[in-house]
Amino acid sequence: MKKISKKQCDFCHSTFLPDVRAWRQQKTCFKESCRKKRKSRAQLKWFLRHPDYHESRKIKIKNWAKDYPDYWRFWRKRHPEYVERDNLRRQQSYQNLKISAKQNGIIKISDQPEVKTLQVLQEFSAKQNLIYRRLETLFNVLSQKSSPQSKSI
Ligand SMILES: [Zn+2]
């Protein structure tokens with residue numbers, strides 16, 4: 001019987017002892033986060049290999065729905081727990097949209113020319129303050145050098 005050797009996880013790079021049944025193909029450790037990453041990587045690869053999957057599925061569902069016209073009409077009535085979850089999801093999505101719209105409004109206001117002018121003035125003012133402070137320091141140094149009695153004070 002072959003002894004199973006340890007492997008290194010593709011994601012967290014820790015060493016782990018793979019499952020006996022899957023040791024040849026197992027790429028990740030048993031941590032939930034690593035398993036989720038592996039699963040999403042595999043799904044992405046699969047969708048890249050089958051780019052027309054969603055389109056072909058849509059056509060299949062449309063054709064199937066023609067044979068069962070009442071199915072979708074009563075689906076929400078038969079699944080109240082789904083309806084509750086879906087309504088919460090919709091509410092949350094709407095709230096996020098409102099927040100996002102407000103943030104876009106803030107960005108638009110800051111793009112207004114008056115606000116930009118104000119920002120430029122503030123920057124200009126800050127530069128003037130810097131120039132003024134430098135000049136003041138220079139005058140102080142020069143005045144101390146020119147009048148030796150100021151050092152004695
Ligand atoms: Zn891992």
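The expected span of a helix is 1.5 Å times one less than its number of residues, a rule that is used for two of the views below, which are taken from a predicted model.

**View 1. Helix α1, residues 32-49, shown from end to end.** This helix has 18 residues and, between its first C-alpha and its last, it reaches 26 Å, which is close to the 26 Å expected at 1.5 Å a residue. Helix α1 is hardly covered, since the count of buried residues among its 18 residues is 0.

**View 2. Helix α2, residues 53-67.** With 15 residues, α2 reaches 22 Å from its first C-alpha to its last, close to the expected 21 Å. Like the helix in the previous view, α2 is hardly covered, and the number of buried residues in it is 0.

**View 3. His13 in the loop between β1 and β2.** The loop that holds His13 lies between β1 (7-8) and β2 (15-16). Although His13 is not a glycine, it has a positive phi of about 60 degrees. Is His13 buried or exposed? His13 is exposed, because 9 other C-beta atoms lie within 10 Å, and a residue with 12 or fewer counts as exposed.

**View 4. The protein chain as a whole, with 6 helices and 2 strands.** Read from the N terminus on, the elements run β-β-α-α-α-α-α-α. Of the 153 residues in the protein chain, buried residues make up 2%. Among contacts between residues at least 6 apart in sequence, 9% join residues at least 24 apart.

Notes
Residues are numbered from 1 along each chain as its sequence is written. This is a predicted model: local features need pLDDT of at least 70, side-chain atom pairs count only at pLDDT 80 or more; totals for chains, interfaces and linings use all residues. Helices (H or I, at least four residues) and strands (E, at least two) are DSSP runs, numbered from the N terminus. A residue is buried if 20 or more other C-beta atoms lie within 10 Å of its own, exposed if 12 or fewer, and partly exposed in between; C-beta atoms are placed from the backbone. Two residues are in contact if their C-beta atoms, placed from the backbone, lie within 7 Å.
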